[in-house]
Amino acid sequence: MRRKKLALLSLAALFCLLLSGCFVKTVDELYTLPRHSDEYDNLQKAIDEVMAAAGCEYCAPISGSNQQSVQLADLDGDGEEEAIVFAKTSDEKPLKAYVFDKLDGAYQNISVIEGNGAAFARVEYVDLDGEPGLEILIGRQLTDQVLQSVSAYALDSGEIVRLMTASYSQFTTCDLDNNGMTDLFLLRFDAEKKQGTAELYRYRKGLMEKGQEIPLSSSAVSVKRIMTGAVAYNIPAVFVTSAQEEDSLATDVFIFRGGTFQNVSALDDTQQTVRNPFAYACDINSDGLVELPELVSLPAADAAGETYSLIRWYHLGLDGKREIVLRTYHRFSGGWYVEIPESWDERVTISRAEEIEGARGALTFSYWNGSAQVDPIFTIYAFTGEKRLERAQEDGRFLLLEQSDVCFSAQLGTAAQAQELTPDELRQMFHIIHVDWNTGET
């Protein structure tokens, strides 16, 4: 698969505007190209002429990674980028995407993509057909409702060709059939039935061919996250985590195998929802495969104690069978998690530790023998304040991890399991929860 080439307007353009004293530009003017070279001047002039003649205004996509009104991409594979300008008019088809190409040394408007809608929802540039040049995926917001429209376009011999159009609630791109070309994965929901369906579009004989519609395995109120990864080695998959009623999550795993689009989760006899708004599928152990979470309630240290849950992370096999690969306790409010050995499964209990000055949210992990008697294995602390590093290493505590504003430390207990655990081993078991910057979620 050839190397994709996509250059978007960078922060340097904004710095050029600021340094030139352009602090009073209008919003539309700030969307225009920087005037710092003959080439850009030429393109800006061509854009201004088209915008004036059509009586339109800039209309940047409102979501996704490409949110500029003017974007650059090599659509025809000639090694030079075309300019795509997103605008809106008062016409019957108000949304316009003008394509400019350099001909005889000057930019010219060679085509326009027109469509209905209130706004451009999202724009992506991908290789759909395996040929030189990128194709454009344009999502349009039809109304203020969830349902939207997406179309795929290719630039062929100077002409824009539409490859497909479909309605969708959410979409992502992936190479689900492993043929080196990008596929389009769509989700669509029926508001009345609360039933979601997935569709896969693959390039075939000049068009994007729609495959079989596959339902999500359970009713969904909304989709919380879509991610791509590997469900098995060399088997790519799309993982769709949906919010169910009563604040629970369920994950569906879609693959393309043996010429068939499938939902592997439908084969899972023990499928269940996860009642935790933060537990998402991820590659928790960095083995290159995506693991799914299963929550297991832990025994309470005492009858009036707070209830805690262990997360069992498992691989979902192509036959729907589960293989547990890791156990963790996630302290989402504290931003950390700790691995739990397999031998402690359903034998560990968690309780709040005694308060210590400068520490917040300290938790004690103990071994539960089936009765009220528990033996502490270790306690994890999070120290803040000016003396955090000093306090983190007092009274038998040792440092797990130092960050700019917090020091995590631990203290081993008296349980037999604690005698088999070293500070270095506990440091390896302790991890920070990383935030997905695209979603703001863990």
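Author: Two strands pair if DSSP finds at least two bridges between them. Strands are DSSP runs (E, at least two residues), helices likewise (H or I, at least four), numbered from the N terminus. This is a predicted model: local features need pLDDT of at least 70, side-chain atom pairs count only at pLDDT 80 or more, and totals for chains, interfaces and linings use all residues. Residues are numbered from 1 along each chain as its sequence is written, and side-chain values use heavy atoms, without hydrogens and water.

Reader: How many helices and strands does the chain have?

Author: The chain has 6 helices and 29 strands.

Reader: In what order do the strands of the open sheet run?

Author: Strands of a sheet pair through backbone hydrogen bonds. Here 5 strands run β24-β25-β26-β28-β27, with antiparallel pairing. β24 (348–352) and β27 (398–402) are the edges; each has a single partner strand, so one side of each lacks a neighbour in the sheet. β24 pairs with β25 (residues 363–368) over 5 antiparallel bridges. R352 has L363 in β25 as its bridge partner.

Reader: Which residues have the most contacts inside the largest nonpolar core?

Author: Nonpolar side chains tend to be buried together in soluble globular proteins. A nonpolar core is a set of buried Ala, Val, Leu, Ile, Met, Phe, Trp, Tyr and Cys residues joined through side-chain atoms within 4.5 Å. Buried means under 20% relative accessible area (1.4 Å probe, protein chains only). The largest core has 28 residues, and W336, V338, F365, F378 and L426 have the most contacts inside it. β26 (374–383) is among the elements that supply at least two of its residues. β26 gives the largest share, 4 residues.

Reader: What does F378 touch?

Author: Contact means heavy atoms within 4.5 Å. Leaving out residues up to four places away in sequence, F378 touches V338, W344, L363, F365 and L426, among others.

Key
Buried < 20%, exposed > 50% of the residue type's maximum accessible area, 1.4 Å probe, protein only.
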